[in-house]
Amino acid sequence: MNSSELSRLVVGALEEVKGKSVSCLNVEKLTQITDYMVIATGTSNTHVKALAEEVVRQSKHVGIKVQGVEGLTQSEWVLVDLGSVVVHIMQAPVRALYDLEELWNFSSTEESK
């Protein structure tokens, strides 16, 4: 599975569990760390955790190795590292504070799926 297909799988997983404002940013020309960053908002700690767990579940189901998961304890910002796709799942205040789309010079609607 290439990185573009994996990013679509992640977006689908987040949408299945009602993730809010899901954005998919192609950053492969901006960094060597990853090809895509997927950003989504969860409505509560429980929702953020459920979103992350669904991404991990669906990724493993198709044979993708999960490199790491950080932030599940607090579940205000959970990062799921799938190698070529990095997923940021945040509660709204945290997402607004860090504004990753602006950090990577994307508008919040550009590259959205």
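The legends below describe a predicted model, in which local features need pLDDT of at least 70, side-chain atom pairs count only at pLDDT 80 or more, and totals for chains, interfaces and linings use all residues. Residues are numbered from 1 along each chain as its sequence is written, and side-chain values use heavy atoms, with hydrogens and water left out.

Figure 1. Five strands, listed as β1-β2-β5-β4-β3, form an open sheet with mixed pairing. The edge strands β1 and β3 (68-70) each pair on one side only. From one strand to the next the twist averages 10°. Helices (H or I, at least four residues) and strands (E, at least two) are DSSP runs, numbered from the N terminus. Two strands are said to pair if DSSP finds at least two bridges between them.

**Figure 2. Strand β2 between its two partners.** Buried means under 20% relative accessible area, exposed means over 50%, and partly exposed lies in between (1.4 Å probe, protein chains only). Y36, V38, A40 and G42 point one way from β2, whereas M37, I39 and T41 point the other way. In a regular strand the side chains alternate between the two faces of the sheet. Strand β1 (residues 20-26) runs antiparallel to β2 and is joined to β2 by 5 bridges; here K20 stands opposite T41. With strand β5 (residues 85-91), β2 pairs in the parallel sense over 7 bridges. In that pairing V38 stands opposite V87, and M37 stands opposite V86.

Figure 3. Helix α1 (residues 3-16) has 14 residues and reaches 20 Å from its first C-alpha to its last, close to the 20 Å expected at 1.5 Å a residue. The expected span is 1.5 Å times one less than the number of residues in the helix. At the start of α1, a side-chain oxygen of N2 comes within 3.0 Å of the backbone nitrogen of S4. Among the buried residues of α1 are L6, V10 and L14. The buried residues of α1 pack against β1, β2, α2 (45-61) and β5, where contact means heavy atoms within 4.5 Å.

**Figure 4. The largest nonpolar core.** A nonpolar core is a set of buried Ala, Val, Leu, Ile, Met, Phe, Trp, Tyr and Cys residues joined through side-chain atoms within 4.5 Å. The largest such core has 24 residues, of which V10, L14, V38, V80, L82 and V87 touch the most other members. At least two residues each are supplied by α1, β1, β2, α2, β4 and β5. The largest share, 6 residues, comes from α1. Neighbours within four places in sequence aside, L14 is in contact with G19, V22, V38, A40, L51, V55, V87 and I89. A second, separate core of 7 residues includes L25, M37, M90 and V94.

Figure 5. R95 lies in helix α3 (residues 92-98) and is buried, with a relative accessible area of 10%. R95 and A40 are 55 residues apart in sequence, yet their C-alpha atoms are 8.4 Å apart in space. Not counting residues up to four places away in sequence, R95 touches K20, S21, S23, I39, A40, T41, M90 and E101. A polar atom of the R95 side chain lies 2.6 Å from the backbone oxygen of S21, and a polar contact of 2.9 Å joins the side chains of R95 and T41. A polar contact is a pair of N or O atoms within 3.5 Å; within protein, one must be able to donate a hydrogen and the other to accept it, and residues adjacent in sequence count only if both atoms are side-chain atoms.

Figure 6. H47 is placed in helix α2 and is buried, with a relative accessible area of 14%. Residues up to four places away in sequence aside, H47 touches V17, K18, G19, T41 and G42. V62 lies in the loop between α2 and β3 and is partly exposed, with a relative accessible area of 38%.

Technical notes: Axes are lines fitted to C-alpha atoms, for helices over the stretch in contact, and angles run from 0 to 180 degrees between N-to-C directions.
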